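Look at the structure below before you read on. The report then goes through some of its residues, helices and strands.

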Amino acid sequence: MRLKDHVAIVTGSGSGMGEAVARLFAEEGANVLVADLNASAAQSVATHIGKRARAVEVDITQEPQVVDMVKRAVEAFGRVDILVNCAGMADFRKTEDTSLELWRKVLDVNLTGTFLCCREAGRRMIEGGGGAIVNIASTSGISGTPYMAAYSAAKHGVVGLTRELATEWGKHHIRVNCICPGATETSMLLGTTTETYRAERRRRVPLGKLGQPSEQAQAALFLASQESSYVNGAVLCVDGGVFAMSPATSEAALAGE
Amino acid sequence: MQTEIVASSARLRNAVAVVTGGASGIGHGIATEFALEGAAVAILDLNRPMAEEVVSEIKGKGGQAVAVTADVTDQGQVDKAIQSVAGQLGDTTVLVNCAGLNQFASVEELPDGLWDKILAINLDGPWHVSKAVMPAMIRKRSGRIVNIVSAAGVRAIPKAVPYSSAKHGLVGLTRSLALDLAPYGVNVNCICPSTVETPLVKQAVNSVFLREMLKTIPLGRFGTPRDIARAAVFLCSSDADWITGVVLPVDGGLTCGIRAHHFE
């Protein structure tokens, strides 16, 4: 078991990648706080995991709720070793049609919420002598994605926060890394895109398929465990090779014509 | 949280792994870790006696290993060595390109031939070995290649124009091979270590240069061969099935920062 008796908080773990992370971490021996905006989804994941898990309802944009979430982890399991920030939201919209309200909401959830969770869990990790933080950013956090102005900006912010914290908290033995998932078949992707769009994306993935939540979870496990003991400030693409490829690559070239 | 992980079940079972430069330093660490994870390991190195020592060490722990000798700058020698591995262990399924060399020299006084020599070892070498193992991987529709680059492959270091150039080139080789081999299920990635605590570095650790350098690493220590080896295990295991063409720093946070000194 690769996370035996470690204590992990996983936000956004009521579904999708977060759920896959929570389940995998528990299988690897961790005690997991399943945190989600959707209380019943969190409860159902926690129930399925069993005695290693507790559920907590949290809106990560609300400071007192984040403070409370970390407190709950400490009460239940005694400390915090690992934080995986999976909670996030995406929205496709032309920038000229993006309201200030929506911009603020997307920034709030993806970036400010991640900051609050890092700060609160980080305080416990500093007291406890170390830890590991894994932020789920996005390939939109290292490249522009059309019709996702707020999301791209927020995810670039998550990458920036990751790198900054890696340099600031290294001395506390806290490693901070992020994953940039490519298009992964989560409920968020399935709910916000059409099959035509997904088929188009799939064609442009060098490895020829979209990602699975379990594949993102395996990368998170590596970054959360001692196997990555010297990995700090890394931006790890788990994207089937998309980011390595020039966007100018033509369909014809991809098809080998 | 400095507790040792509980060794997981062997994650590289059935792998035939060629580790170039496997007789010493990082390569040695990778060869022994891969063997622990169940891989049959071929140590491809210029230094035969040292490679044989690593083989004995691995066999002593119950692992499987052979030594093959080749100069990676010579395609003919590399081809022969890979054929010899195929005969002894089977087709190569995993390649780790670790053989490399740096020689510091100011650009104004670069010795004749140094550029060619450093490029040949650090860039032509990984290409030659990749070329030799590719046919079997393509035929089997699976394989893994991991190139050990360097922090100098993403940021320049002083007085090392040929080395920084070659290592930047190796990042390019990684990405372009990843793209062209993806249709065959062959994943190609690279790792960028910063200074690793080899015996040589340990001896010099009190030097002003190294003390200053340590201050630039957020985690406050140099890497170990095992730090690099475990990241390589991850990239070669099924856990990394959807990862290809990436540049993974294993450097304690060195290259994610910009300032020379992170500590007050």
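## A buried valine

Val55(B) is buried, with 22 other C-beta atoms within 10 Å. A residue is buried if 20 or more other C-beta atoms lie within 10 Å of its own, exposed if 12 or fewer, and partly exposed in between; C-beta atoms are placed from the backbone. Val55(B) is found in helix 2 (residues 48–60) of chain B. Helices (H or I, at least four residues) and strands (E, at least two) are DSSP runs, numbered from the N terminus.

This is a predicted model: local features need pLDDT of at least 70, side-chain atom pairs count only at pLDDT 80 or more, and totals for chains, interfaces and linings use all residues. Residues are numbered from 1 along each chain as its sequence is written, while chains are lettered from A and ligands numbered from 1 in the order in which they are written.

## Contacts and the core

What does Val55(B) touch, not counting residues up to four places away in sequence? Val55(B) touches Ile43(B), Ala65(B), Val66(B) and Ala67(B). Two residues are in contact if their C-beta atoms, placed from the backbone, lie within 7 Å. Cys98(B) is 43 residues from Val55(B) along the chain, and their C-alpha atoms are separated by 17 Å.

Now take Ile43(B). Leaving aside neighbours within four places in sequence, the contacts of Ile43(B) include Val19(B), Gly22(B), Ala51(B) and Val55(B). The largest nonpolar core has 178 residues, and Val41(B) and Ile43(B) have the most contacts inside it. A nonpolar core is a set of buried Ala, Val, Leu, Ile, Met, Phe, Trp, Tyr and Cys residues joined through C-beta atoms within 7 Å.

## Where chains A and B meet

In chain A, 38 residues are in contact with 35 residues of chain B. Helix 8 of chain A gives the largest share of the side of chain A that touches chain B, four residues. The residues of this side divide into 15 nonpolar, 16 polar and seven charged. Ala, Val, Leu, Ile, Met, Phe, Trp, Tyr, Cys and Pro count as nonpolar, Asp, Glu, Lys and Arg as charged, and the others, Gly among them, as polar.

## Helix 2 of chain A

Helix 2 (residues 39–49) of chain A has the buried residues Ala41(A), Ala42(A), Val45(A), Ala46(A) and Ile49(A). They lie on the same side of the helix because they cover an arc of only 130° around the axis. The arc is that of the directions from the helix axis to the C-beta atoms.

These buried residues pack against helix 1 (16–27), strand 2 (31–36) and strand 3 (53–57) of chain A. The face turned away from the buried side carries the exposed residues Ser40(A) and Thr47(A). Just after helix 2 of chain A, Gly50(A) takes a positive phi of about 100°.

## Strand 5 of chain A

Six of the six residues of strand 5 (residues 131–136) of chain A are buried, so this strand is largely enclosed by the rest of the structure. Gly131(A), Ile133(A) and Asn135(A) point one way, and Ala132(A), Val134(A) and Ile136(A) the other way.

Strand 5 of chain A pairs in the parallel sense with strand 4 (residues 82–85) of chain A, over four bridges. Strand 5 of chain A also pairs with strand 6 (residues 174–181) of chain A, in the parallel sense over six bridges. Two strands pair if DSSP finds at least two bridges between them. Val134(A) stands opposite Asn177(A) in strand 6 of chain A.
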